[in-house]
Amino acid sequence: MLSVQLIALSALCATIAAMAQSSRAVEPLRAVNTPGDDRAACVRIDSTGTELWVTSQIPSQPQGRMLKVYRFDAGQVTELPAPTEPINLRPQPGYSARNGCATFPLCSPDYGIFVSNRLVGGKDFDNDLYQMRWVNGTWQVQRLDSLSSEWWDDTPTLSPDGRLLYFASNRNGHERGTTDIFVSRWLDTAWSKPVLVTISTEQWSEQSPFAATDGYLYYATNRSGDFDIWRVAYDPTTGATVGRPEPVPFEGVNQRGTNEGHPAFAERGTIFLFSSNRTPARDYDIFMLALPQTPSDSLTVRVIIRTRVVDWLTGTAEDSIAVYPNRPVQVRDLNGRTTRTLTTSAEGIVRLPLPQRMQERWELSAQPHSPRYVSSRDTLELSNLCAEPPVHTLVVWDTATILAPECVQDFPVKNVRFFVTGYWCPTTQRYTSWLSCTPLLSLDTCSAVWFEQPRLACEDN
């Protein structure tokens, strides 16, 4: 059998559990706030942990801004080396570099979009959208010409799977001084023409959108007089908004007389981040609100047995699936190097609690009840931003019917869950580009695992 790698990524999680108002107070995220303005904070997660990319004012340039990076682990914040050129341009006399508002899809830390006002052909187009790709240990930057305009284009956000890009622009409202939100879809080779989102209005401004995994598009609007954070449901396929917008239901976020914006989630949806000028100096700082923990924080593993039932009258064989009850399942923690054994319920289910770590890596295998059966050995990797982990199916195969004397070796692979969210390796590793989401980690360590079996008919086939 081949070792199966399942990438259960945040972008493929169903939703973040419904969040009730929290009794906890809004607090400034002091470790990232500076004496100047600190605005957008976004989450980037890779194999080493969770990062916060914060847009901060350049001390020597009141109008300038740069990206600063922090390690963010269970509320503990540590500053990391800031990205150098070509992302953060060096300050120059008479030129205020404005670089910031980065965004990354949850599943692909090697691709992001940010904003910069760098000159294009010697001309200043105000703020434009730029993409960045991590290649050979450095960021490669390219202007998104098809999305940027001669006007203000700013505050981008990528959807969890990276296939939707929302951003704010005043290309339609620059004469009346308002901004709108546009959306573009990734078409496998390029971004589509931006389309105005229906929540945009002529009389108010909408900006700093954030596409969350809970199915809502969060954004800032000044329809109440000052900027507050609202939300509206969105279609993750088309990017269109659905239903009526509403102020966010998180107590203490919106405040009369101050501006709030740049919403984001961190720590598996349990921390809400935003910027506000509610400070004594009326500058902008990053604030956080701890939300209630999700009521269920475990991964459900369903163990089934697959065999083939032969109709000896017709000579046909049909795939048969049944639950595998009261059988031991071995769980090896690849991070902690520990092994434990759980027993399936009468419905063939075991549940694995998820500790609050950045990433979980488990190897699962069920104990077959007979030598003729072989369990798949699945390796699961889950991001800690996954608030509702998916149900994983662990398969026990009846090898006697698969390797029958008549040499029927067509594995019944239709409707196999991991062909949607991951892939077998190394057999189909070449098809990684077909996935809706780039895998969180490289899978070049895949290997074949062989089991001692008696010689069967057609073994050489």
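1. Ground rules. Strands here are DSSP runs of E with at least two residues, just as helices are H or I runs of at least four, and the numbering goes from the N terminus. The model is predicted, so to speak with care: local features need pLDDT of at least 70, side-chain atom pairs count only at pLDDT 80 or more, and totals for chains, interfaces and linings use all residues. Residues are numbered from 1 along each chain as its sequence is written, and side-chain values use heavy atoms, with hydrogens and water left out.

2. Cavities. A cavity here is a set of points on a 1 Å grid, laid over the protein atoms alone, where a 1.4 Å probe fits but cannot get out.

3. What lines the largest cavity? Its lining takes in residues with an atom within 4 Å of a point. There are 30 of them, and Cys42, Val43, Thr157, Phe210 and Ala264 lie nearest the centre. Strand 3, strand 7 (99–103), strand 11 (153–158), strand 15 (206–211) and strand 19 (260–266) each give two or more residues. Strand 19 gives the most, with five. By class, the lining has 22 nonpolar, eight polar and no charged residues. For that tally, Ala, Val, Leu, Ile, Met, Phe, Trp, Tyr, Cys and Pro are nonpolar, Asp, Glu, Lys and Arg are charged, and the others, Gly among them, are polar.

4. Cores. A nonpolar core is a set of buried Ala, Val, Leu, Ile, Met, Phe, Trp, Tyr and Cys residues joined through side-chain atoms within 4.5 Å. Buried means under 20% relative accessible area, exposed over 50%, and partly exposed in between (1.4 Å probe, protein chains only). The largest core has 28 residues, and Phe250, Phe272 and Leu273 have the most contacts inside it. Strands that supply at least two residues of this core include strand 4 (49–58), strand 5 (61–73) and strand 20 (271–276). A second, separate core has 16 residues, among them Leu299, Val303, Tyr373 and Leu394.

5. Most residues other than glycine have a negative phi, and most peptide bonds are trans. Cys101, though, has a positive phi near 55°; Cys101 sits in strand 7 and counts as buried at 5% relative accessibility. Arg282 has a positive phi too, about 60°, but Arg282 is in the loop between strand 20 and strand 21 and is partly exposed at 44%. The Glu85 to Pro86 peptide bond is cis, with omega near 15°, and Pro86 lies in the loop between strand 6 (76–80) and strand 7.

6. Another proline. Is Pro35 buried or exposed? Pro35 is exposed, because its relative accessible area is 84%. Pro35 sits in the loop between strand 2 (27–28) and strand 3 (38–46).

7. Two strands pair if DSSP finds at least two bridges between them. Four strands form an open, antiparallel sheet in the order 15-16-17-18. Strand 15 and strand 18 (241–247) are the edges, each pairing on one side only. Four bridges join strand 15 to strand 16 (residues 216–221), and Gln207 stands opposite Ala220 in strand 16.

Technical notes: 1 Å grid on protein atoms, 1.4 Å probe; cavity = no way out; pocket = protein on both sides within 12 Å on 5 of 7 lines; lining within 4 Å.
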